[in-house]
Amino acid sequence: MAALHLLRKQHLVGNTISHLHTSSQAFTKQHYKMLVLGGGSGGIAMSARMKRMLGAENVAVVEPSEMHYYQPIWTLVGAGAKSVASSGRSTASVMPSGVKWVKSKVQQINPKTNTVLLDDGTEIAYEYLIVALGLQLHYERIKGLPEGFEHPKIGSNYSVQTVEKTKKALQDFKEGNAVFSFPNTPVKCPGAPQKIMYLSDAFLRKTGKRESAKVMYYTSLPVLFGVKKYADSLWEIVKRRDIQVTLRHNLIEVRPDKQQAVFENLDNPSETKVIEYEMLHVAPPMGPNLAVKASLLADEAGWLDVNKETLQHKKFPNVFGIGDCTNLPTPKTAAAVAAQSAVLNRTISKILTNEIPDKKYDGYTSCPLVTSYNTVIMAEFDYNLQPLETFPINQAKESRVMYHMKADVMPHLYWHGLLRGLWGGPEIYRKVLHLGFK
Ligand SMILES: Cc1cc2nc3c(=O)[nH]c(=O)nc-3n(C[C@H](O)[C@H](O)[C@H](O)COP(=O)(O)OP(=O)(O)OC[C@H]3O[C@@H](n4cnc5c(N)ncnc54)[C@H](O)[C@@H]3O)c2cc1C
């Protein structure tokens with residue numbers, strides 16, 4: 001209940017985490033050569049790299065949360081295959097040693113004065129700024145949420161407060177509809193809303209309940225997945241496993257007391273469908289980080305406006321962006337953050353020596369599409385939605401080895417590679433494994 005209170009409070013204040021720590025403020029230096037906003041995947045990865053480039057004393061990270069989460073594993077937490085505890089570590093433990101952690105929330109970014117205002121009124125000046133503030137979840141845009149999470153049978157892998165509710169809803173499933181939604185906004189990891197559906201289907205089969213279940217996927221998109229090669233495989237799977245897919249439908253209301261989900265037909269908004277559920281998984285609407293949106297750094301839609309090849313801001317050359325907060329036209333994933341971190345490192349090193357950035361981000365992103373408790377389709381692709389596969393096999397096929405990559409290898413790469421600024425994506429391995437042809 002306390003967790004739900006927190007979730008509600010976050011929506012009211014419009015930020016993902018609301019823990020505040022002011023004790024470090026008295027010791028906060030007022031000026032840094034490199035200021036990093038956000039201590040999530042991109043922020044910690046870049047602060048580790050910036051520490052190597054500039055020295056720890058020149059780098060500070062503004063991050064309010066005591067805990068850092070490896071969000072990609074929440075898919076497996078929701079399905080009961082991993083514990084939620086395994087997804088989190090203290091922020092202190094992932095912060096590069098010597099780098100200043102400013103435990104506070106960014107209130108305002110003022111690129112004209114090269115300053116950032118924190119919510120306790122402190123102002124920090126910077127010479128260079130890396131914005132890594134992630135995106136904003138908007139459960140409150142669905143009528144009946146987030147209060148609806150106080151009822152059983154509804155969960156969401158997108159937040160640490162609700163991910164275990166998915167597992168509970170799945171385990172308590174008796175008979176009826178298992179319903180999964182995909183919102184009408186940009187999302188992080190666009191595969192995640194359907195991964196939990198395949199896992200739930202597998203769970204219901206394993207526990208002998210699939211005969212009395214209807215598995216239903218309602219997506220706002222006109223496609224099952226954006227890259228044809230992987231979408232073709234996924235369509236085969238949904239047909240084979242008797243999963244009902246409804247395109248162009250958006251979840252607008254949850255009636256948890258009646259166990260009903262209401263979807264609007266995006267091609268005919270006056271038409272709504274009321275679906276009874278025995279289990280509902282919600283992928284919430286998402287939008288730009290509010291501090292970015294309110295600043296001069298935002299594009300018209302509110303996302304950080306960066307050059308898609310160099311990750312340098314389009315108007316303010318001493319500002320850079322990485323990850324979910326940016327308007328980079330590629331799906332928002334930690335895999336994308338890894339590839340971006342290597343490019344951004346190079347861009348900044350060039351800018352610092354008055355040279356022209358020369359390394360170009362190709363939009364690399366990856367989505368391990370978990371299709372059961374031991375199989376994954378490993379989607380990897382670029383800005384043009386063309387497959388950019390690391391391994392010399394057909395990655396559109398369900399694979400046990402790729403499941404092992406997702407469940408066991410990638411968490412290690414994240415904690416010990418990406419967050420330490422040592423993992424910049426699989427480009428080199430792809431070249432080696434494809435004998436230099438990719
Ligand atoms: C269920 C799920 C499944 C996923 N699966 C995959 C997957 O299989 N593969 C994959 O590659 N990716 C996956 N992702 C996506 C991946 O986790 C994100 O794309 C990645 O973490 C983005 O990193 P980021 O640094 O941009 O944002 P985040 O890691 O979200 O970090 C943003 C940080 O900014 C902080 N912040 C926010 N507002 C403020 C403020 N005002 N002031 C200061 N700090 C602030 C937050 O506290 C947070 O720490 C998944 C995500 C989810 C939720």
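This is a predicted model: local features need pLDDT of at least 70, side-chain atom pairs count only at pLDDT 80 or more; totals for chains, interfaces and linings use all residues.
| Residue | Protein atom | Ligand atom | Distance |
|---|---|---|---|
| Glu63 | polar side-chain atom | oxygen | 2.6 Å |
| Ala334 | polar backbone atom | oxygen | 2.9 Å |

### The shell around the ligand

Let us step back to the whole shell. The ligand is surrounded by 35 residues, and the closest of them are Ser41, Gly42, Glu63, Val106 and Ala335. By type, the shell splits into 14 nonpolar, 15 polar and 6 charged residues.

Which helices contribute to the shell? At least two residues come from each of helix H2 (41–54), helix H6 (192–206) and helix H9 (334–352). H9 gives the largest share, with 3 residues. On the domain level, both domain 1 (9–134 + 289–352) and domain 2 (138–286) provide at least three residues of the shell.

### A salt bridge across the sequence

The structure contains 19 salt bridges. One of them pairs Lys33 with Glu127, and their closest N and O atoms are 3.2 Å apart. Side chains of opposite charge can pair when their charged atoms come close.

### Backbone details worth a look

Most residues other than glycine have a negative phi, and most peptide bonds are trans. Against that background, the peptide bond joining Leu145 and Pro146 is cis, with omega about 5°. Pro146 lies in the loop between strand E9 (135–137) and strand E10 (154–155). Arg248, for its part, has a positive phi near 55°, although Arg248 is not a glycine. You will find Arg248 in the loop that runs between strand E13 (243–246) and strand E14 (249–255).

### A nonpolar patch on the surface

Finally, turn to the outside of the protein. Which residues form a nonpolar patch on the surface? They are Ile428, Tyr429, Val432 and Leu433, and together they have about 430 Å² of accessible area. Tyr429 is part of helix H11 (residues 427–433).

Notes:
Residues are numbered from 1 along each chain as its sequence is written. Side-chain values use heavy atoms; hydrogens and water are left out. A residue is near a molecule or strand if one of its heavy atoms lies within 4 Å of it. A polar contact is a pair of N or O atoms within 3.5 Å; within protein, one must be able to donate a hydrogen and the other to accept it, and residues adjacent in sequence count only if both atoms are side-chain atoms. Helices (H or I, at least four residues) and strands (E, at least two) are DSSP runs, numbered from the N terminus. Ala, Val, Leu, Ile, Met, Phe, Trp, Tyr, Cys and Pro count as nonpolar, Asp, Glu, Lys and Arg as charged, and the others, Gly among them, as polar. Domain bounds come from an automatic or database domain assignment. Patches are made of residues with over 30% relative accessible area and no salt bridge: like charges are joined within 9 Å, nonpolar side chains (Val, Leu, Ile, Met, Phe, Trp, Tyr) within 5 Å. Accessible areas come from the Shrake-Rupley method with a 1.4 Å probe; for residues, only the protein chains shown count as cover. A salt bridge is a side-chain nitrogen of Lys or Arg within 4 Å of a carboxyl oxygen of Asp or Glu.
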